[in-house]
Amino acid sequence: MTPVPEHTVLTLVVFWPLAAALVLPALPRRAAVAAWAAASAADLAAVLALWTAYDGPGLAYQDRVRWIPSVGAGYHVGADGLSLPLLALTALLFLCCALYSLRTRTRPRAFAALFLALETVCLGVFAAQDLLLFFVFFDLSIVGMYFVIAGWGHGDNARSALKFFLYTFTGSLALLLGFIALYLDAGTFDMAEITRRPVASGGGLALLAIGIGLAVKTPVVPFHTWLPPAHTDAPAPGSAILAGVLLKMGTYGIVRVAMPMLPDAWRRYAWVAVALGLLGVLYGALVALAQRNVKRLIAYTSVNHMGYIVLAAGAAGLAGDAAARRLAVSGAVTQMVAHGLVTGALFLLAGVLHDRAGSYDLARYGGVARAAPRFAGLLAVAAFASLGLPGLSGFIAEFQIFTGAIGGGAPVAGALAVLGVLVTAGLFLGVLHRVLLGAPGELTPRVTDVRRAELAAVAPLLLASAAIGVAPRFLLDLVEPASATLIALVAR
Amino acid sequence: MTELLPELLLLAGAVAALGTGLAVPRGRQWTGAAVAVAFLLAALGAAGWAAGRPDATAFDAFTVDTATHVTRLVVLGATVPVVALAAAAFHGHPRETEFTVLALLSSLGTILLGASSDLLVLTAAFLLASIPAYALAGFAKDAAGTEAALKYYLTGALFGIVTLAGTTVLYGLGGSTSYAALHRALPAAPPGAVAAGAVAVAAGLLFKAGAAPGHFWVPDVAEGASPVAAAYVTTIPKAGALVALFRLTTEVVPDVPQWPPFLAAVAAATMTLGNLAAFRQANARRLLGYSTVGQAGFLLLPVVVAASVPAARAALLFYLAAYAVTNLAAFAVVVATGRDALADYAGLFRASPALALCLAVALLGLVGTPPTGVFVGKFLAFAAAMRGGYGWLAALAVVNTVASVFYYLRWLAPTLAGRFGPSRGRSLPGATACAAAVAAVALGVLGGIVR
């Protein structure tokens with residue numbers, strides 16, 4: 001190990017991609033994306049090293065710098081069992097997107113620089129231990145993704161990008177008002193301090209503002225309408241990051257901010273989260289069933305999958321068996337990772353289809369398995385992972401969520417949510433049937449098999465999903481103590 | 001006299017620049033600007049030196065405290081890039097140096113406006129800040145500029161008279177024009193008359209700040225005057241006027257219960273009118289004009305709660321500094337590209353990445369995106385308003401901020417695609433834009449350390 005003081009190591013991990021982005025203009029155009037991949041790979045290695053060296057529970061790798069001392073806000077980062085899995089997910093997804101983009105021709109240097117900056121922003125959200133810092137990164141993720149969609153998207157991308165910006169920016173400002181309300185109560189923006197002395201009673205308005213902010217980002221039905229157009233018109237790596245990382249910021253905010261800092265209000269209004277989560281699960285699954293555009297379909301399954309997380313977070317706030325509620329939170333965190341991996345892979349595979357044939361229309365494909373066997377294999381694994389097949393990550397997550405919800409305070413909602421799995425199973429089998437099997441479709445002749453770089457981008461995501469599915473202990477050992485801490489905090 | 005050293009240096013700079021302009025031939029008129037910048041930098045140094053000294057009062061009418069220090073630094077610091085932009089834009093113009101001199105004199109008036117603690121000095125400062133600015137607006141002597149200057153002048157004359165009337169009323173009620181004496185005497189006077197007098201005094205200040213109801217001139221001047229003059233009058237007078245309003249709120253009428261609701265109504269109307277009117281603009285400068293009206297509404301937030309929330313002062317002063325550099329960056333990009341129609345900005349990112357990046361920083365900065373300075377300013381302003389019991393106003397400001405995203409992005413979005421037409425390629429305005437954009441980000445990142 002290099003002689004880096006322990007407290008700066010997380011700061012280095014967070015800002016390393018940004019530093020790499022700043023040297024990109026000095027590199028030749030062709031080397032830009034390769035440099036992005038190298039920088040992201042190094043960052044992933046560093047995050048994994050942090051994961052291995054972490055001996056929780058509690059915050060590790062903390063770093064503090066004064067920023068706006070007059071309001072008790074500062075630069076404060078740290079990592080624990082809730083944030084480390086998401087940091088690793090972020091680093092892995094960005095690496096895979098870099099590999100996927102190796103052949104990018106349109107302004108590759110700006111593209112790589114933008115993604116590297118976005119990587120710093122995303123890592124920053126999950127590492128921030130100060131509400132204002134959290135907000136800064138949260139808000140910048142919107143700006144970065146706006147430029148990705150507006151600059152490199154296709155179709156009606158200018159409009160989708162604007163819609164994305166307006167909706168999610170509204171949410172983030174609601175979040176800011178909620179944070180200010182927390183600050184006015186606690187006199188500081190430091191997350192650890194606010195968590196130590198949470199808002200004792202009331203806090204309903206603060207939770208409303210924070211809840212709206214996080215709900216838009218997650219997205220929770222009925223705040224989800226920005227998501228399908230943004231996904232459809234974004235470039236494939238943009239969709240993968242948007243679904244895989246940016247959506248997680250909403251649910252991460254729930255477990256990091258809303259639940260531990262407003263425990264009283266959360267317990268009081270947990271049924272709202274349960275209801276909205278269930279609504280998202282069922283609505284997302286049913287609307288996805290009706291989609292012909294593969295990207296819109298994946299987008300709506302995201303609404304469905306994020307619904308499970310919100311449902312679990314709500315169930316964890318209701319009265320009930322503590323062990324079951326801990327299980328619900330572990331399931332929620334596992335689902336964040338699982339959804340990030342699998343949906344990232346699905347969007348990259350959808351990008352392969354669009355790259356070859358220029359269309360997302362499912363009806364125009366068919367019999368692709370014969371023409372592109374490796375693509376078919378990857379799509380099949382990703383689809384099964386997404387529908388929750390045992391042996392893959394989605395099953396581990398959803399099993400915990402259902403058990404936690406049914407055994408905890410929300411048995412009816414938990415039981416109804418199982419229907420969502422049924423619908424998505426049918427839905428994904430339908431997609432596999434339509435795209436991979438049957439007679440060749442109109443665009444099938446143009447579909448060639450995945451290239452090596454694309455394989456290298458998608459395979460690690462599915463391998464990680466399988467690793468969690470088969471041997472989940474390495475993840476759960478990290479998450480479960482953090483879930484137990486969180487449940488203890490909510491119960492105050 | 002040392003209390004007034006920065007102001008004296010500024011005055012000397014105006015005189016020296018005028019003398020230089022008279023002495024050198026037309027081809028070397030830039031030396032006038034150079035002299036002005038040298039004096040501005042000296043005044044900045046003096047202001048920085050003064051900031052480390054204890055608070056003082058000169059002639060019982062000129063307060064030297066933190067608010068004055070920041071007003072000085074913001075006004076002087078923002079005048080430097082304006083002089084640089086003017087030197088590039090009016091190079092070879094027959095009245096090149098006059099622009100610089102007028103700008104310096106108006107800046108002097110603006111500083112006096114922010115520092116005065118006497119109503120008569122306030123009115124004198126108002127005139128000194130305004131009259132050179134009217135001339136700046138009509139500097140190009142073209143139809144649009146003349147119309148803008150006339151509108152600016154007529155609005156200014158009307159609101160100036162109202163301020164004078166308010167001064168008379170308050171003098172009649174309190175027997176003095178000094179803020180301290182008024183503060184002592186006014187509680188005994190009829191509260192309705194006090195409120196009316198204070199509102200009348202505020203009229204001229206709201207006009208200078210470009211806030212409702214004195215905002216009608218802003219879009220016309222922003223579009224009709226030369227871009228550099230537009231940059232000046234939408235940026236610098238705001239600093240003096242808002243600090244003067246702050247003083248009025250905290251030093252004259254802190255106990256008048258109707259005052260904060262009145263200011264809150266003004267702030268709400270200003271931000272809403274400015275933002276809604278900016279929506280459909282196709283001209284970059286007119287859009288920026290309405291945007292500065294909207295920003296004036298946000299800047300009023302800390303003033304509303306100034307009497308009850310101590311943190312409001314820091315919020316206002318920081319926001320003012322951040323707003324000044326960010327707004328100047330946006331105008332500097334307009335000067336550098338020489339384009340007014342939003343559609344003409346298509347392809348800027350490819351043609352001139354640095355300039356496009358400056359524009360992105362400036363516009364997203366005006367939105368209040370972190371980590372720019374305006375974000376910190378807005379955030380402090382929201383926090384102050386919520387602490388002062390004006391949560392509804394903060395919520396309205398949030399709604400307005402979201403609305404503002406829409407029109408700022410209407411300008412930014414075209415830069416990402418399409419082809420940029422042949423450009424004149426001016427280096428000094430481009431460098432100014434970059435410097436201002438860097439300052440806009442630096443203020444945000446180093447926010448707490450600066451203060």
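Student: Why is Lys141(B) called exposed?
Tutor: Its relative accessible area is 65%, and exposed means over 50%, with buried under 20% and partly exposed in between (1.4 Å probe, protein chains only). Lys141(B) therefore counts as exposed. This is a predicted model, in which local features need pLDDT of at least 70 and side-chain atom pairs count only at pLDDT 80 or more, while totals for chains, interfaces and linings use all residues. Residues are numbered from 1 along each chain as its sequence is written, chains are lettered from A and ligands numbered from 1 in the order in which they are written, and side-chain values use heavy atoms, without hydrogens and water.

Student: Is Tyr61(A) buried or exposed?
Tutor: At 5% relative accessible area, Tyr61(A) falls under the cut-off and is therefore buried. It sits in strand β1 (residues 60-68) of chain A and has a positive phi of about 55 degrees.

Student: How do you know that Asp220(B) and Arg286(B) form a salt bridge?
Tutor: Their closest N and O atoms are 3.5 Å apart. A salt bridge needs a side-chain nitrogen of Lys or Arg within 4 Å of a carboxyl oxygen of Asp or Glu, so the pair qualifies. Asp220(B) is in helix α9 (residues 217-224) and Arg286(B) in helix α12 (residues 284-304) of chain B, so the pair ties together parts 66 residues apart in sequence. Both residues are buried.

Student: What makes Arg286(B) and Glu223(B) a salt bridge as well?
Tutor: The N to O distance is 2.9 Å, and this pair links helix α12 and helix α9 of chain B, 63 residues apart. Arg286(B) counts as buried at 17% relative accessibility, whereas Glu223(B), at 30%, counts as partly exposed. In chain A, salt bridges with shared partners join Asp355(A), Arg356(A), Arg451(A) and Glu454(A) into one network. The total over all chains is 21 salt bridges.

Student: Which peptide bond from Val221(A) is cis?
Tutor: The bond to Pro222(A), with omega near 10 degrees. Pro222(A) is in the loop between α8 and α9 of chain A. Most peptide bonds are trans.

Student: How many helices and strands are in chain A, and why is the chain called as compact as a globular protein?
Tutor: Chain A has 19 helices and 2 strands. Its radius of gyration is 21 Å, close to the 23 Å that the globule rule gives for 492 residues, so chain A is as compact as a globular protein of that length. The radius is taken over C-alpha atoms, and the rule is 2.2 Å times the number of residues to the power 0.38. Of these residues, 64% count as buried.

Conventions:
Helix = DSSP H or I, 4+ residues; strand = E, 2+ residues; numbered from the N terminus.
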